[in-house]
Amino acid sequence: MLPDHTSAMYPDLPLTLSEAGTGRPVLILHGGGGPATVAGLAGHLSRSAHAITPVHPGWDGTHRPDWLTGIDDLALSYLHHLHDRGLDDVLVVGSSLGGWIAAEMAVRDTAGIITGLVLIDAVGVNVEAEPITDFFALDAREAAEHSWHDPDRYFVHPAGVPSDELARRQANMATVHTLAGDPYMHDPTLLRRLGRVQVPALLLWGESDRIVTPAYGAAYADAFADGTLKVIPEAGHLPQIEQPDATTALIDAHLRRTTTRHTGTT
C-alpha cells in the first residue's frame with residue numbers, strides 16, 4: 001500500500017494518489033467537487049478491493065501542466081498509469097466529471113485493462129433532449145437545488161464558508177472550466193463511440209438529479225454495448241453522499257459480477 005498523497009510521475013504529470021486495501025484494483029475518479037466527494041466511497045471499497053483514488057491535476061492545489069487541457073488528456077494519463085504499473089482487471093468508478101473520464105478511458109482501452117465500469121451521474125455525452133445544466137450559471141442556492149434531493153440539508157451560504165475553503169472551491173471550478181468548459185461538459189463524439197465498449201457498464205443515477213437527469217442517464221446507458229441504469233431514490237447528483245448504503249450495495253454487486261482474474265491480493 002502506498003502512503004496517502006504519494007506522487008507517481010507519468011511524463012511530466014504528477015499524479016497525487018491515495019491507495020488502500022488489497023484485491024482487485026478499483027480506480028475511483030472524483031468529479032468537479034473534488035476528492036472529498038468520493039472519500040467515503042473509497043473508504044468503503046478499500047475493505048474489499050485495492051482502492052486507488054487520484055486527485056485530478058489542478059484540484060485542491062495540485063499542479064496541472066499547461067498541456068493538460070482536456071478530459072481526453074486525463075483519460076490517457078490514467079490509462080498509461082495503470083498500464084505502467086502492470087494492473088489489470090480494473091474496475092473504474094467515476095462520479096460526475098470522473099464518470100466522463102472513465103468513459104473516455106474505456107473507449108481508448110485497447111489493452112483490455114478495464115473489465116468493468118461504474119458511472120455515477122456522469123456527464124460527458126450530448127443528449128439533445130436532455131441538456132446538461134450550466135452549473136457555472138447557477139448561484140449557490142440554485143446549485144444546491146439542482147444537485148441534491150434534500151438541498152436544505154446540504155446548502156451552505158457562501159458567506160458562511162471560510163475564505164480558504166472558498167478559494168479552494170473557486171480554483172477547482174476554474175480547472176473544471178479549463179478542462180470541460182468548451183464544449184460544455186461533453187465530447188460531441190463520445191456517445192456514438194460508447195457502443196465499442198464491451199465491458200459491463202453500470203450507470204447509477206440519483207432520482208432527483210437536475211444537473212444531468214435520469215433520462216440523460218438512460219440515454220448514456222443505452223449507448224454502451226452492455227449498459228445498465230439503476231436509479232437511486234431520494235438522491236441527487238451525488239448519491240454516494242446522500243444514499244451511501246444503496247449506492248455501495250450496487251457497486252459491490254457489480255464489483256463481484258465483473259471480476260475476471262483477481263482472486264487474491266494485489
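The points below go from aromatic rings to the nonpolar cores and then to the salt bridges.

1. A reminder before you start: the model is predicted. Residue numbers count from 1 along each chain as its sequence is written.

2. Let's begin with the rings. Six aromatic pairs turn up in a search of the whole structure. In one of them, the ring centres of W205 and Y216 are 6.2 Å apart and the planes meet at 45°, so this pair is tilted. The two partners sit 11 residues apart, with W205 in strand β7 (residues 201–206) and Y216 in helix α8 (residues 214–223). W205 is buried, at 0% relative accessibility, and Y216 is buried at 0% as well. Together with Y220 and F224, W205 and Y216 make up one aromatic cluster.

3. A charge over a ring is also worth a look: R141 lies over the face of F155, 5.0 Å from the ring centre.

4. The largest nonpolar core has 52 residues, and the members touching the most others are L27, V92, M105, L117, Y220 and F224. Helix α3 (residues 97–108) supplies the largest share of this core, seven residues.

5. Which residue forms a salt bridge with R24? The partner is D89, with the closest N and O atoms 3.5 Å apart. This bridge joins the loop between β2 (13–20) and β3 (25–29) to the loop between α2 (71–84) and β5 (90–95), and its ends are 65 residues apart. Both R24 and D89 are buried. The structure holds 10 salt bridges.

6. R193 and E104 form another salt bridge, at 3.6 Å between the closest N and O atoms. R193 is in helix α7 (residues 190–193) and E104 in helix α3, so the pair ties together parts 89 residues apart in sequence. R193 is partly exposed at 23% relative accessibility, whereas E104 is buried at 2%.

7. Finally, a local pair: E165 and R168 meet in a salt bridge at 2.7 Å, N to O. Both lie in helix α6 (residues 163–180), three residues apart, or about one turn of the helix. E165 is partly exposed at 22%, and R168 is partly exposed at 25%.

Definitions and conventions. This is a predicted model: local features need pLDDT of at least 70, side-chain atom pairs count only at pLDDT 80 or more; totals for chains, interfaces and linings use all residues. Side-chain values use heavy atoms; hydrogens and water are left out. Rings of Phe, Tyr and Trp (its six-membered ring) pair if their centres lie within 6.5 Å; planes under 30 degrees apart count as stacked, over 60 as edge-to-face and the rest as tilted. Helices (H or I, at least four residues) and strands (E, at least two) are DSSP runs, numbered from the N terminus. Buried means under 20% relative accessible area, exposed over 50%, partly exposed in between (1.4 Å probe, protein chains only). A charge sits over a ring if NZ of Lys or CZ of Arg is within 6 Å of the ring centre and within 35 degrees of the ring normal. A nonpolar core is a set of buried Ala, Val, Leu, Ile, Met, Phe, Trp, Tyr and Cys residues joined through side-chain atoms within 4.5 Å. A salt bridge is a side-chain nitrogen of Lys or Arg within 4 Å of a carboxyl oxygen of Asp or Glu.
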